[in-house]
Structure formats: C-alpha cells, structure tokens
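Thanks for coming, everyone. I'll walk you through one structure today. Have it open while I talk.

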Amino acid sequence: MTRRVLIAEPDQDVRELLELTVRRLGYETVAANEHGNVDAMLLEPACAMGRSVLRRFGADAPPVVCLSIYPREDGFEPAASVAYLVKPASSNEIADALRNVFGV
Amino acid sequence: MQVARRRYFVTFVAVAGLAATWGLMMAFGWSSKLGIVTFAPWVALIGFDLGLLGGALAAGSSIGLWVIANHTSGVSVDAAQIAIRTGTMLALAVGSALAGRRLRTSEEAQRTVVSLQSALIDSTLDGICLTDEDGEVLISNRPLRRISVEVGLPLSGTVPERLLAVADKMAEPERYRERMRELAKVTGTSTIDEFEVAGTGRVFRGYTAPVSNPDGSFAGRVWTLREVTADRELDRMRDAFVATVSHELRTPLTSISGFLEMMQEEEQELGESGRHYLEVIRRGTERLHALVEDLLLIAQIEAKRVELQLGPVDVAELTSRSVEAMRPSASDKGVTLELVTDHPPIVQGDRNRLTQVLDNLVSNAIKFTDGGGAVTVSVASADGDVRLVVADTGIGVPVEEQGQVFSRFFRASTATRLAIPGTGLGLSISRALIEQHGGTITLTSAEGEGTQVVVTLPSES
C-alpha cells in the first residue's frame with residue numbers, strides 16, 4: 001500500500017515543491033485539512049497550519065519531518081519530530097529524511 | 001545685583017573721601033602738588049562713570065568756593081592755584097572714568113563668556129568633566145552630577161576611583177572593573193566604552209581623551225558620559241527586524257532553490273543559453289542564501305545566542321581542508337594559493353564555526369587578489385598558542401578605513417570601487433566567533449600591496 005505523507009506548509013510555492021518531492025519518491029500526498037490515514041508528516045512547525053495539524057493528531061501523531069524557517073534552538077520542534085531541517089533544504093535532504101522515516 | 005550694590009557703595013565712599021579731602025585742603029591751604037597726591041586715590045576709586053560726575057562736581061564746587069571767598073572779606077584765595085587744582089582734578093576724573101569704563105566693559109565681556117560657557121556645558125545631555133593629571137575633577141557640569149546621583153557614582157574622589165566604586169552595580173562587574181583599572185592607567189589615548197547598569201537596562205557610553213596645555217604637555221583628561229539606552233533599544237529592534245525578515249526570506253529561497261534543483265535534473269533539455277541562464281540563477285540564489293544565513297548569524301551573535309560546540313580541534317588540519325576547498329576558485333582566477341603549517345597545538349573550539357572563519361578569510365584573500373597574485377596561509381604555534389596568518393598580495397584596505405573593517409556591513413572603498421561583490425559581514429562574523437573562542441583577530445594592510453589577517457587561538461593548556 002502506498003505510504004501517505006501529510007504536508008502542512010503555508011507557502012503555496014513551497015507546498016507545490018514539497019508535493020512534487022514526495023510524489024517523486026513514490027508516496028501519496030495528503031493536504032493539511034484532509035482526514036484519513038497518515039504515515040508521516042512533512043510540516044512547518046512555526047506556522048498556524050502546522051500547529052493546528054499537530055494539535056489535531058495530539059499524541060497519535062505519526063513521525064514528523066520538520067522543515068522550518070527557524071533553527072531548532074528556537075523551540076518549535078514537536079515531540080513527534082524525527083528530523084529537523086532548516087529552509088532552504090535541498091530536495092535530497094528532504095527525500096533522505098522521509099526515506100529514513102520509512103526505513104528505506 | 002550684588003555687583004551693582006557694591007559699586008554704589010564704593011562710589012559713595014570715594015565721593016565722600018574726595019569731599020573731605022577737599023575741605024581739609026581748602027581749610028589748611030595745602031599745595032596743589034599735595035592736593036593732587038591726596039585726591040588721586042579717591043578719584044581713582046570712583047573709577048566708574050561717576051568719575052566724570054565727581055570731577056565735574058569737584059570743579060563746580062571749587063569755582064563756587066572761589067566766588068564765595070572773593071566776596072567774603074578777610075579770606076584770600078589764589079585764583080591761579082584754584083584753577084590748576086581744578087584742571088588737574090578734571091583731567092584725573094576723565095582719565096579714571098575712561099579707564100574704569102574700559103575695565104568694566106572687558107569685565108562684563110568676560111563674565112558673559114563665562115556664563116555662556118557654563119550655560120553651554122550645563123545644558124547638554126551628556127555629563128562632562130575635566131580632570132587634572134591625577135584624575136581630580138577640575139570642573140564638571142550639571143548633567144554629570146545628575147547622572148552620578150542616578151547611577152550612584154560618588155561625588156568625591158578621582159574619576160577612576162568614582163567609576164570603580166560602582167563596579168558591583170554593572171551588568172558585567174568583573175569586565176567593567178578590569179576595564180576601569182586599564183582606563184586609570186592610560187594617559188595618551190582616547191577611549192570609548194559602553195556599560196550597562198545591572199537590573200535597570202540603562203546603558204551608558206563613556207568617552208575620555210587627554211587634554212593638552214598650550215605648550216603640548218599633558219594637562220589632564222576630559223570625560224563625558226552619555227546615556228545610550230534608547231540607541232541600544234533601537235539596535236535591538238533593528239536586529240529583531242533583520243532576523244524576522246531573514247527568516248521570512250528562507251521561504252521564497254526554498255521554492256527557488258528547490259525548483260532550480262528540479263530544472264537542473266532536466267538541464268540537458270535546455271539549450272546552451274538556457275543552461276547559462278540557469279547557472280546565473282543558481283549563483284544568485286547561492287549568494288542570496290549566504291547573505292540570509294550571514295544576517296541571521298549576525299543577529300544571533302548580537303543577541304549572544306551563538307553557543308559553541310567545543311571539542312579538540314586541529315587547526316592545521318581544518319585550515320588545510322579550507323584551503324583545498326578554495327583551490328578551484330584560486331586557480332580559476334590565476335591566484336597562487338599556498339599553505340604552510342608546522343604542528344600547532346590542539347585547541348578547544350567549535351569545528352564548524354572555525355571552518356566558517358577559515359573559509360571566510362581564505363575566500364576573502366582570493367576574492368581581493370588579482371590573477372598573478374598570491375595567497376599564503378600559514379598555521380604555526382606561537383608561545384603555545386595557535387597563530388594563523390592569511391596573507392595576500394591583493395588590492396588592500398586604505399589605512400584610514402582599517403579601523404572599520406570588522407564593523408558590520410563595512411566594505412572597503414577599494415572593494416566597492418572595483419564592484420567586488422560582498423556584504424561586509426564576513427570579518428565582523430569572524431571576529432565575533434574568534435573572540436568567543438578567546439582568541440584575537442587583527443588586520444594589517446597596505447593599499448595596492450596586500451592584506452594580512454592574523455588570528456591567534458589559545459591552546460588547550
């Protein structure tokens with residue numbers, strides 16, 4: 001079954017880039033407001049959208065790959081985070097982080 | 001008011017003395033010579049505008065007495081003697097009146113200058129004082145006394161003693177104390193220091209400079225104290241603004257560089273010119289990215305939020321890596337890049353931050369050196385410390401600008417004239433990072449001949 005990655009990113013262009021990156025890896029993308037089964041999340045933890053998604057999942061959140069405009073020290077990293085990347089991370093770095101999540 | 005009252009009193013005494021002397025002279029028939037001698041002090045004492053009046057009164061009364069004497073039988077007065085005495089007295093009165101007026105005018109002028117000067121120094125915002133060679137206060141202004149009271153500076157003692165007395169109230173008492181001790185020793189140079197009063201957030205900037213006698217010898221020092229709390233607050237706001245903007249810039253940078261990556265994967269489908277355009281965009285994006293990161297690092301440094309990940313570092317090895325990384329750009333420009341190392345001691349440092357400094361210094365040297373020139377990087381041990389020298393034969397920095405090269409956004413005129421790209425942040429970041437390692441960084445340069453940057457880092461022991 002195809003893995004589903006939820007993307008929560010406020011900027012439309014960056015969102016498009018992330019969707020493209022995720023699809024190229026062969027995963028399915030899920031919009032932030034969509035419900036349903038999610039295997040991993042790629043999100044900007046320092047924006048309202050990212051925070052509301054994290055709230056929605058609460059303790060049941062799947063592994064999160066953070067991609068933020070703020071450094072890790074700024075304290076936006078959620079508990080479910082497994083990787084923290086600072087923008088502009090390259091597509092390769094994002095892909096590596098997602099592959100790590102799924103152990104491929 | 002007091003001055004005017006004193007003047008009337010003096011005039012009164014003088015006129016009374018003159019009248020009494022006149023009476024004695026007439027009664028006992030003194031000679032005109034004796035008359036002049038005894039009148040002179042009184043007339044001189046009048047010495048004001050009233051001197052003229054006194055003279056005229058004296059002349060009038062002597063003529064009147066002469067008329068009365070001539071009409072009174074039994075008394076004979078020599079008219080010629082009266083005329084001589086009167087003339088002499090008039091001349092004395094006019095002379096002293098003129099002298100008195102001149103004296104008073106210059107006195108008034110001096111008083112005006114003095115009161116203007118004290119009004120001037122009292123009405124500035126800065127506290128100002130002048131000290132003698134021992135540091136004792138010769139003159140101080142009102143704002144200084146006000147600031148002293150507010151900060152709790154004692155109002156007696158030499159200035160260095162007063163400054164030391166409040167060390168415990170400062171945000172960094174040890175550093176402040178040490179600095180003030182240094183200040184008490186220096187005589188020949190002017191210095192500017194900033195210090196924060198703990199708990200209040202108030203920041204003061206102190207300036208002191210030597211003052212010379214007219215013959216050039218050391219007379220003392222001038223000290224000024226200015227509150228710069230508002231300026232520092234503005235700085236903080238500006239830094240916060242720069243940080244916010246820089247963080248926001250990371251979003252568009254992400255889409256630009258991300259899609260650029262995707263395009264590069266399909267580079268072969270682009271024509272020759274398409275590939276060239278892509279390369280230009282890629283370079284521009286890299287520069288923009290570097291600028292944003294530099295701005296953010298500067299903001300972090302300013303906010304003292306950079307934490308070093310300390311570990312043992314072999315500076316020679318780190319330098320060699322930096323030099324190798326820069327070799328392609330040096331050979332592209334035709335610049336000879338040479339590395340000389342002996343075996344310097346291991347230092348405690350942050351590998352990434354030191355690499356950042358090394359990359360910056362080496363790339364600067366290459367950037368500012370024309371083809372055919374040379375860049376020499378040497379790492380050696382010096383008195384147990386590590387000494388790194390990056391020397392180039394490039395365009396150099398004019399002497400008058402060398403004091404500013406470590407300031408944020410400063411760019412040497414030699415660089416801007418040649419339109420060499422840069423942000424003026426590299427050396428400022430380097431200095432902050434090196435100083436955080438407990439090291440020093442200095443730059444010497446001769447315009448048109450080259451530049452030498454020397455970094456020393458304390459070794460582990």
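A residue is buried if 20 or more other C-beta atoms lie within 10 Å of its own, exposed if 12 or fewer, and partly exposed in between. Keep in mind, too, that this is a predicted model.

Is Val454(B) buried or exposed, or something in between? Val454(B) has 16 other C-beta atoms within 10 Å, so Val454(B) is partly exposed. Now take Leu163(B). Leu163(B) has 28 C-beta neighbours inside 10 Å, and therefore counts as buried. Leu163(B) sits in helix 6 of chain B, residues 159–165. Leu163(B) and Met180(B) are 17 residues apart along the chain, and their C-alpha atoms are separated by 7.0 Å.

Back to Val454(B). Val454(B) belongs to strand 12 of chain B, residues 450–457. Which residues does Val454(B) touch, leaving out those up to four places away in sequence? They are Arg387(B), Val389(B) and Thr442(B). Val379(B) is 75 residues from Val454(B) in sequence, yet the C-alpha to C-alpha distance is 9.9 Å.

Strand 7 and strand 9 of chain B pair in the parallel sense, over six bridges. Val379(B), in strand 9 of chain B, is the bridge partner of Thr341(B).

Now the cores. In soluble globular proteins, nonpolar side chains tend to be buried together. Here, the largest nonpolar core has 45 residues. Which residues have the most contacts inside this core? Val315(B), Val362(B) and Ile366(B) do. Several elements of chain B give two or more residues, including helix 9 (272–302), helix 10 (315–333), helix 13 (426–436) and strand 12. Helix 11 of chain B gives the most, with seven residues. The core also draws at least three residues from each of two domains of chain B, domain 3 (232–302) and domain 4 (311–457).

Pick out Val362(B). Beyond residues up to four places away in sequence, Val362(B) touches Ser322(B), Val323(B), Met326(B), Val377(B) and Val390(B).

How many helices and strands does chain A have? Three helices and five strands. From the N terminus on, they run β-α-β-β-α-β-β-α. Chain A has 104 residues, and buried residues make up 36% of them. Take the contacts in chain A between residues at least 6 apart in sequence: 48% of these join residues at least 24 apart.

Where do the chains meet? The contact takes 12 residues from chain B and 10 residues from chain A. On the chain B side, helix 8 (residues 229–265) gives the most, with 11 residues. By class, that side has two nonpolar, seven polar and three charged residues.

Last stop, two hairpins in chain B. Strand 3 (residues 191–197) and strand 4 (residues 202–212) of chain B pair in the antiparallel sense over seven bridges. Glu196(B) stands opposite Val203(B) in strand 4. Four residues lie between these two strands of the hairpin. In the turn, Gly199(B) has a positive phi of about 85°.

Strand 4 of chain B also pairs with strand 5 of chain B, residues 218–227. That pairing is antiparallel, over nine bridges. Arg205(B) stands opposite Arg226(B) in strand 5. This hairpin has five residues between the strands, and Gly216(B) takes a positive phi near 95°.

That's the tour. Thank you.

Terms used
Residues are numbered from 1 along each chain as its sequence is written. Chains are lettered from A and ligands numbered from 1 in the order in which they are written. This is a predicted model: local features need pLDDT of at least 70, side-chain atom pairs count only at pLDDT 80 or more; totals for chains, interfaces and linings use all residues. Two residues are in contact if their C-beta atoms, placed from the backbone, lie within 7 Å. Ala, Val, Leu, Ile, Met, Phe, Trp, Tyr, Cys and Pro count as nonpolar, Asp, Glu, Lys and Arg as charged, and the others, Gly among them, as polar. Two strands pair if DSSP finds at least two bridges between them. A nonpolar core is a set of buried Ala, Val, Leu, Ile, Met, Phe, Trp, Tyr and Cys residues joined through C-beta atoms within 7 Å. Domain bounds come from an automatic or database domain assignment.
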